[in-house]
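Hello,

Here is the structure I promised to pass on to you. Please open it beside this email as you read.

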Amino acid sequence: MSDQLTLAAETRGQVGKGASRSLRREGRVPAVIYGNKQDPASIHVEEKALMRLLMTGHFMNSVVMVEVDGKAVRTLPKDVSFDVVSDRPVHVDFLRISEHATVHVNVPVVFTDEELSKGIKRGGVLNIVRHELELICDAAEIPDEIAISLKGTDVGDSIHISNVKLPKGTKSAIDDRDFTIATLIAPSALKSETLEQVAEEAALAEAAHDEHVAEVEAEEAAAEAAPEGEASEG
């Protein structure tokens, strides 16, 4: 389960581009808390503190207790905007949630047991189609990640959502199709090796066929010659 994070915040007295630029110069990041049938609250947080949470790698699928004016607000990060040049955070959206609210989250996928995959041992390459899964779960039970075992997989195999055992109480937000998460594909070298093997087998089969035909023709020729030999001796 994802850890619960905390982040101190202050109320924004002014809003707008000018006020936001002023806050950023002071090392603060404008933000908003909305949802749960309450009015939006304009706040700002310390950029360094926000960056520490972002660096955890699971900020977007963790409950964040935003402390505003001495009161902790339970939230779920919904969006972080970054400057296109400096890549610094410029705005954050937080969604208010209750303790056991049902939430939609994107949870990263990790693959395990590569050493137990026949396909990878043969040189196959894991082609990851989805690096995250969109899940529906209890806000207090958000998983850090979804581990998928590659044990027993071979080249040509596909891993679908139906093959994944999700944590209890968690389900896929996409329920109208059995979508693909990853496939195990053959590298060009393995494809060439397979083609060469097929060609070699075809050549051996053709040689065996030609040998069989030659044997049949020889037997037929011997059978035709046999009566003539016997007649001349008589």
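This is a predicted model: local features need pLDDT of at least 70, side-chain atom pairs count only at pLDDT 80 or more; totals for chains, interfaces and linings use all residues.

Residues are numbered from 1 along each chain as its sequence is written, and side-chain values use heavy atoms, with hydrogens and water left out.

The protein has four helices and 13 strands; these are DSSP runs, numbered from the N terminus (helices: H or I, at least four residues; strands: E, at least two). Of its 234 residues, 33% are buried. Buried means under 20% relative accessible area, exposed over 50%, and partly exposed in between (1.4 Å probe, protein chains only).

Now look at helix α1, residues 17-25. Its buried residues are A19, S20 and L23. They sit on the same side of α1 because they cover an arc of only 100 degrees around the axis, taking the directions from the helix axis to the C-beta atoms. These buried residues pack against β2 (28-35) and β3 (38-46), where a contact means heavy atoms within 4.5 Å. The exposed residues K17 and R25 are on the face turned away from the buried side. Just after α1, G27 has a positive phi of about 80 degrees.

Finally, find S62 in the loop between α2 (47-54) and β4 (64-68). S62 is buried, with a relative accessible area of 0%. A polar atom of the S62 side chain lies 2.5 Å from the backbone oxygen of H58.

Happy exploring!

Terms used
A polar contact is a pair of N or O atoms within 3.5 Å; within protein, one must be able to donate a hydrogen and the other to accept it, and residues adjacent in sequence count only if both atoms are side-chain atoms.
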